[in-house]
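Me: I have a structure open and want a quick walk through it. Can we go helix by helix and then look at some residues?

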Amino acid sequence: MDLSIGEVAERSGLSVHALRFYEREGLFANPVRRLSNGRRVYHEEDLGWLALCTKLRSSGMSLAAIRQYVELARQGAGNEPQRLELLREHEKHVEQQLSELQECLDVIRYKVRVYEDHLARGEADQLWSPPIQAPSQSNEDCHRAP
């Protein structure tokens, strides 16, 4: 079934501008066809491919890496180990991001508990006391900071 750029935008959640950008960057597995009047024509498979590309992009994969993955996919069978390696590298990157975000969440949850405790005891006025010495980057300092 042929889809217009507007239909793809609506169904994918991407803007028309973003779809044109993806096309310019060569991120579609199959080249976007055009009618004789220049209008773009998409297919159902393009929606699945866009869903994958947007997840890769929103998880931090570079356009160059996505482009490399697309090129390998376009070549067809025979390069699956290279595609797998690209995905494994990105998987490690995402796991590292998640670990860093978990550390951030742990600090935020700690601070929420501190504020809740101080507020419950009526001691909220004691929460802000600027440090006298320059703070370091450690998590321990994050726990002590206002």
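**Helix packing and side chains**

Reply: Let's start with a crossing: helix 1 passes helix 3 in a right-handed crossing. Keep in mind that this is a predicted model.

Me: At what angle do the axes of helix 1 and helix 3 cross, and within what distance do they come?

Reply: They cross at roughly 45 degrees. The axes come within 11 Å. That angle makes helix 1 oblique to helix 3.

Me: Which residues meet there, between helix 1 and helix 3?

Reply: From helix 1, V8, R11 and S12. From helix 3, E44, L47 and L50.

Me: Now helix 3 and helix 4. At what angle do they pack?

Reply: About 150 degrees, with the axes 10 Å apart. Helix 3 passes helix 4 in a right-handed crossing.

Me: And which residues meet between helix 3 and helix 4?

Reply: Helix 3 brings W49, L52, C53, L56 and R57. Helix 4 brings L63, I66, Y69, V70 and A73.

Me: Let's pick I66 from that list. Buried or exposed?

Reply: I66 is in helix 4. It counts as buried because its relative accessibility is 1%.

Me: What does I66 contact, leaving aside neighbours within four places in sequence?

Reply: L27, C53, L56, R57 and M61.

Me: How far is the C-alpha atom of I66 from that of L86?

Reply: 8.9 Å. The two residues are 20 apart along the chain.

Me: Step back. How many helices and strands does the protein chain have?

Reply: 6 helices and 2 strands. From the N terminus the order is α-α-β-β-α-α-α-α.

Me: What share of the chain is buried?

Reply: Buried residues are 27% of the 146 residues.

Me: And of the contacts with a separation of 6 or more, what share is between residues 24 or more positions apart?

Reply: 53%.

Me: Back to helix 2. Which residues are buried there?

Reply: A18, L19 and Y22. Seen down the axis, the buried residues of helix 2 fall within an arc of 100 degrees, so they line one face.

Me: What do those buried residues pack against?

Reply: Helix 1 and helix 3.

Me: And which residues are exposed on the other side of helix 2?

Reply: H17 and R24.

Me: What happens just after helix 2?

Reply: G26 takes a positive phi there, about 75 degrees.

Me: Where is E23, and what does E23 touch?

Reply: E23 is in helix 2. Not counting residues up to four places away in sequence, E23 touches F28, V32, R34, R40 and Y42.

Me: Why does E23 count as partly exposed rather than buried?

Reply: Because its relative accessible area is 21%, and buried means under 20%.

Me: How accessible are F21 and Y22?

Reply: F21 is partly exposed, at 27% relative accessibility. Y22 is buried, with a relative accessible area of 9%.

Me: What about F28 and Y42, how are their rings arranged?

Reply: Tilted. The centres are 5.7 Å apart and the planes are 45 degrees apart. The pair links distant parts of the chain, 14 residues apart.

Me: Where do F28 and Y42 sit in the chain?

Reply: F28 is in the loop between helix 2 and strand 1. Y42 is in the loop between strand 2 and helix 3. Both F28 and Y42 are buried. Both are also touched by E23.

Me: Last one, H118. Where does it lie, and is it buried or exposed?

Reply: H118 lies in helix 5, residues 80-120. H118 counts as buried, at 17% relative accessibility.

Me: What does H118 touch, not counting residues up to four places away in sequence?

Reply: E123, A124, Q126 and L127.

How values were computed:
Residues numbered from 1 in each chain as written. Predicted model: local features only at pLDDT ≥ 70, side-chain atom pairs only at ≥ 80, totals over all residues. Heavy atoms only, no water. Buried < 20%, exposed > 50% of the residue type's maximum accessible area, 1.4 Å probe, protein only. Phe/Tyr/Trp six-rings, centres within 6.5 Å; stacked < 30°, edge-to-face > 60°. Helix = DSSP H or I, 4+ residues; strand = E, 2+ residues; numbered from the N terminus. Arc of directions from axis to C-beta. Contact = heavy atoms within 4.5 Å. Axes fitted to C-alpha atoms, helices over the stretch in contact; angles between N-to-C directions. Parallel < 35°, antiparallel > 145°, perpendicular 65-115°, else oblique. Left-handed = near helix turned anticlockwise from the far one by under 90°.
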